[in-house]
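Here is a briefing for a reader who is meeting this structure for the first time. Please look over the sequence and the model below before reading on.

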Amino acid sequence: MGNQISSLVDKFEALLKNIAAVCLIGMALLTGADIISRGALNTPLFGVEDIVAVLSVLTTGLALGYAENQKANIGVEFLYSKFSLRTRRIVKIITTSVSIALFGMVTWRLYLYGCAMREAAEVSMTLELPTDMVIIALAFGFGCFTLTLLKELILLCTGEK
């Protein structure tokens, strides 16, 4: 059962990583096209700022779980490496538990914020894109990040990591 859940979380991570990569490529292409349009035609592309802002939020939010799984985050290794193996394990369990609580709450609050934006019918300035879907997608990314942390905590507590 545990391996199935772990495998499911890994699949979500991979899917969200790929979506984030597409968003990043889209940002680069749109920004490049806007620069070329401004230079060659003396006309900016309409709404590029809105689209790039949405894509940057999605890139950041959706890649969190994958970055955590790959240990691509910033850590303070100097002090941590001085601890015994047992102390490091305890510190890791505590910090992961606190992180799960924090990012679980961030996920929940982002979802509620997205629902509030839907009720208020908030849209972006230029293209009038609905902002609620972006916020809910960000909440989903944070939710998958929280699941990644939970998977890591389970592996720590069972001694598999």
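In which sense, left-handed or right-handed, does α2 pass α6 in their crossing? The crossing of α2 with α6 is left-handed, a term that applies if the near helix is turned anticlockwise from the far one by less than a right angle, with clockwise giving a right-handed crossing. This is a predicted model, in which local features need pLDDT of at least 70 and side-chain atom pairs count only at pLDDT 80 or more, while totals for chains, interfaces and linings use all residues. Residues are numbered from 1 along each chain as its sequence is written, and side-chain values use heavy atoms, with hydrogens and water left out. Helices are DSSP runs (H or I, at least four residues), numbered from the N terminus.

**Helix α2 against helix α6**

- The axes of α2 and α6 come within 8 Å and cross at roughly 15 degrees, where axes are lines fitted to C-alpha atoms over the stretch in contact and angles run from 0 to 180 degrees between N-to-C directions.
- That angle makes α2 roughly parallel to α6, since angles under 35 degrees count as roughly parallel, over 145 as roughly antiparallel, 65 to 115 as roughly perpendicular and the rest as oblique.
- On the α2 side the contact (heavy atoms within 4.5 Å) is made by V54, V57, L58, G61 and L62, and on the α6 side by V134, A137, L138, G141 and F142.
- By class, the contact of α2 with α6 has 8 nonpolar, 2 polar and no charged residues, where Ala, Val, Leu, Ile, Met, Phe, Trp, Tyr, Cys and Pro count as nonpolar, Asp, Glu, Lys and Arg as charged, and the others, Gly among them, as polar.

**Helix α5 against helix α6**

- Helix α5 (residues 85–120) packs with helix α6 (residues 131–157) at an angle of about 160 degrees, and their axes are 8 Å apart.
- The two helices α5 and α6 are therefore roughly antiparallel to each other, and α5 passes α6 in a left-handed crossing.
- The residues of the contact of α5 with α6 divide into 21 nonpolar, 9 polar and 5 charged.
- The residues T96, I100, T107, L110, G114 and M117 are the buried ones of α5, buried being under 20% relative accessible area, exposed over 50%, and partly exposed in between (1.4 Å probe, protein chains only).
- These buried residues of α5 pack against α6.

- Helix α5 has 36 residues and reaches 51 Å from its first C-alpha to its last, which is close to the 52 Å expected at 1.5 Å a residue, the expected span being 1.5 Å times one less than the number of residues.
- For α6, with 27 residues, the reach from first to last C-alpha is 39 Å, close to the 39 Å expected at 1.5 Å a residue.
- The 15 residues of α2 should span 21 Å at 1.5 Å a residue, and the end C-alpha atoms of α2 are 21 Å apart, which agrees.
- In α2, the residues V48, D50, L55, L58, T59, G61 and L62 are buried, whereas T60, at 53% relative accessibility, counts as exposed.

**Loops and positive phi values**

- Most residues other than glycine have a negative phi.
- The phi of N42 is near 55 degrees, a positive value in a residue other than glycine, and N42 is found in the loop between α1 (2–40) and α2 (48–62).
- At 69% relative accessibility, N42 counts as exposed.
- A121, which follows α5, also has a phi near 55 degrees and is found in the loop between α5 and α6.
- With a relative accessible area of 55%, A121 is exposed.
- Just after α6, G159 takes a positive phi of about 80 degrees.

**Pairs apart in sequence**

- T31 is found in helix α1 and counts as partly exposed at 35% relative accessibility; the C-alpha atoms of T31 and V52, 21 residues apart along the chain, are separated by 7.6 Å.
- T60 is placed in helix α2, and the C-alpha atoms of T60 and C23, 37 residues apart along the chain, are separated by 9.5 Å.
- M133 lies in helix α6 and counts as partly exposed at 47% relative accessibility; M133 and M117 are 16 residues apart in sequence and 8.9 Å apart in space, C-alpha to C-alpha.
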